[in-house]
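Here are my notes for your read-through. Please keep the viewer open and check each point as you go.

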Amino acid sequence: MHPLLENDKQDLRQILSNTVTLAEEYLAQQESLPPGRFIKDIPLEDIPERGESALHALEYFKQHYAPYITNSAGPRYFGFVTGGSTPAAVAGDWLVSAYDQNACGSNDSIAPQVERQTIHFFKQLFGLDDIYFGSFVTGATVSNQVGLALGRQWVGEQYGKDFSAEGSYNVLPVKVVSATPHSSILKSMAILGMGRNTLVKIDTLPDREAIDIVALEKYLQTVNEPVIVVANAGTVNTVDFDDLEAIGKLKAKYPFWLHIDAAFGGFAVLSKKYTHLVQGINHGDSITIDAHKWLNVPYDAAMQFTRHKRIQLKVFQNSAAYLGDPEQSPDYFHYTPENSRRWRALPSWFTLKAYGREGHREIVERNCDTAYSLGEKIKQSSEFRLLAPVRMNVVCFTLNQEGVTFDGIRAYLSAIRDDGRAFFTPTLYKGVPAIRAAISNWQTTEADIQLAFDVLTEVYQTQKHTLIPA
Ligand SMILES: *Cc1c(COP(=O)(O)O)cnc(C)c1O
């Protein structure tokens with residue numbers, strides 16, 4: 001063994017303890033560190049021929065990189081849909097690395113058993129029927145990709161074809177139909193060779209992002225062939241929901257695979273006020289739900305669910321002889337996109353065990369309440385204009401000024417980022433350059449929202465003359 005490794009084995013306690021100290025220093029400052037930052041490309045160094053030990057690496061990291069960490073896990077980062085990490089989830093995540101299990105065989109390690117337990121918690125949380133099979137993947141993008149791959153296999157079967165064995169060449173393209181899909185649906189179509197330009201867009205209801213059911217039915221009637229319908233349960237701009245119950249009912253009349261992207265909207269189930277939005281989720285042949293967003297576990301963790309485990313086996317079966325019978329351990333090899341798998345269920349298990357349904361309900365409801373309150377402030381202001389009602393945890397608004405371009409919004413948000421007290425990301429909402437505030441962090445309180453609104457107003461006063469092209 002190399003002497004450096006030998007020494008580090010002896011020093012393990014010190015290494016871990018110094019690491020805890022550094023992590024604690026960061027976590028203790030989450031209230032005040034800037035939530036967003038512009039990080040310049042750093043000069044690249046050559047790989048060291050001789051190392052200097054873990055403690056040296058840690059010290060170097062602490063001096064050179066730690067001071068520039070983006071505080072995106074803090075309470076005033078409102079970009080994209082970004083959760084933080086609850087204390088229990090961080091603890092769980094550390095153990096994942098310490099134990100370094102390969103979670104691929106149900107009976108070879110406790111890791112996949114705990115994954116099964118965690119999936120069971122989630123099935124109860126989301127009210128999913130027993131029949132659903134679920135597993136962890138890296139994110140909602142991969143989960144969407146799994147759902148579309150299963151849907152394509154199902155469509156092939158309707159024609160007596162096995163796409164997983166024969167490929168889907170020389171057959172009609174499989175149609176994917178949706179109203180306001182997340183960009184990752186298009187990306188998944190590209191990865192799967194289905195072609196992002198082939199998406200069939202159905203109209204939304206007026207002033208909504210939710211699908212017009214009448215238009216969908218008309219399409220299904222006309223196309224008269226098995227397709228994949230992607231229903232959106234929580235759009236990123238305005239958290240709008242397709243009517244899952246109504247779409248589900250169409251399955252009795254028309255053949256389609258229903259994939260539901262409930263990446264963060266699925267958590268509506270936690271609140272009495274919002275749970276009706278996900279009613280009908282059990283109609284989904286496949287379902288996507290993210291954990292690293294609104295459950296507040298560290299990246300990366302999402303879940304994919306399907307009612308059709310048999311089809312999942314068709315698509316993901318790994319035929320290597322040494323992997324054996326798919327019903328026997330190591331079984332996950334045959335059902336998931338990965339072969340070797342991180343124990344990424346554990347942080348979710350920790351946070352659900354630690355805080356329960358009630359603890360996570362409180363996070364979701366507080367986030368929605370604060371979003372509503374930000375929406376009210378914006379409505380009452382003269383500087384800003386709300387673009388859609390605040391439905392759950394996202395506020396979509398713009399500057400109340402003629403001629404503001406997307407670049408103008410970007411410049412304004414960069415100035416806010418550089419101010420260092422809050423962070424937002426831009427979007428286009430029905431063609432209008434806009435700002436999104438997505439509130440999905442367990443630490444965000446009403447005081448953070450007041451501060452964020454003050455920053456929005458103050459920075460606008462100093463920047464307003466620079467935001468429109470001369
Ligand atoms: C975030 C999001 C995705 C993509 O999720 P990743 O975890 O970033 O891969 C897909 N769909 C919806 C609705 C989302 O909000």
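Where is the place of Asp-300? Asp-300 sits in the loop between β6 (286-290) and β7 (302-306). The points below start there. Keep in mind that this is a predicted model.

1. **Cis bond at Asp-300.** The peptide bond from Tyr-299 to Asp-300 is cis, and its omega is near 0°. Most peptide bonds are trans. That is why I list this one for a check by eye.

2. **Cis bond at Pro-330.** A cis peptide bond also runs from Ser-329 to Pro-330, with omega near 0°. Pro-330 belongs to the loop between α11 (309-316) and α12 (346-380).

3. **Positive phi at Asp-207.** Most residues other than glycine have a negative phi. Asp-207 is not a glycine, yet its phi is positive, about 55°. The residue lies in the loop between β3 (200-201) and α9 (213-223). Is Asp-207 buried or exposed? Asp-207 counts as exposed because its relative accessibility is 68%, and the cut-off for exposed is over 50%.

4. **Positive phi at Lys-430.** Lys-430 has a positive phi too, near 45°, and is a residue other than glycine. Find Lys-430 in the loop between β10 (425-429) and β11 (432-438). Its relative accessibility is 48%, so Lys-430 counts as partly exposed.

5. **Ligand shell.** There are 14 residues around the ligand. Those that come nearest are Thr-141, Asp-261, Asp-290, His-292 and Lys-293. By type, the shell divides into 4 nonpolar, 7 polar and 3 charged residues. Which helix gives the most to this shell? Helix α6 (residues 140-158) does, with 3 residues.

6. Thr-141 places a polar side-chain atom 2.6 Å from a ligand oxygen atom. For Asp-290, a polar side-chain atom is 2.8 Å from an oxygen atom of the ligand. Lys-293 also has a polar side-chain atom 2.8 Å from an oxygen atom of the ligand. How much of the ligand does the protein bury? Alone, the ligand exposes 380 Å², and the protein buries 83% of that.

7. **Nonpolar surface patch.** Now turn to the surface. Ile-42, Tyr-60, Phe-61, Tyr-65 and Ile-69 form a nonpolar patch there. Together they have about 420 Å² of accessible area. Ile-42 lies in the loop between α2 (12-28) and α3 (54-64). Ile-42 counts as partly exposed because its relative accessibility is 46%.

Conventions
Residues are numbered from 1 along each chain as its sequence is written. This is a predicted model: local features need pLDDT of at least 70, side-chain atom pairs count only at pLDDT 80 or more; totals for chains, interfaces and linings use all residues. Side-chain values use heavy atoms; hydrogens and water are left out. A residue is near a molecule or strand if one of its heavy atoms lies within 4 Å of it. A polar contact is a pair of N or O atoms within 3.5 Å; within protein, one must be able to donate a hydrogen and the other to accept it, and residues adjacent in sequence count only if both atoms are side-chain atoms. Accessible areas come from the Shrake-Rupley method with a 1.4 Å probe; for residues, only the protein chains shown count as cover. Helices (H or I, at least four residues) and strands (E, at least two) are DSSP runs, numbered from the N terminus. Ala, Val, Leu, Ile, Met, Phe, Trp, Tyr, Cys and Pro count as nonpolar, Asp, Glu, Lys and Arg as charged, and the others, Gly among them, as polar. Patches are made of residues with over 30% relative accessible area and no salt bridge: like charges are joined within 9 Å, nonpolar side chains (Val, Leu, Ile, Met, Phe, Trp, Tyr) within 5 Å. A salt bridge is a side-chain nitrogen of Lys or Arg within 4 Å of a carboxyl oxygen of Asp or Glu. Buried means under 20% relative accessible area, exposed over 50%, partly exposed in between (1.4 Å probe, protein chains only).
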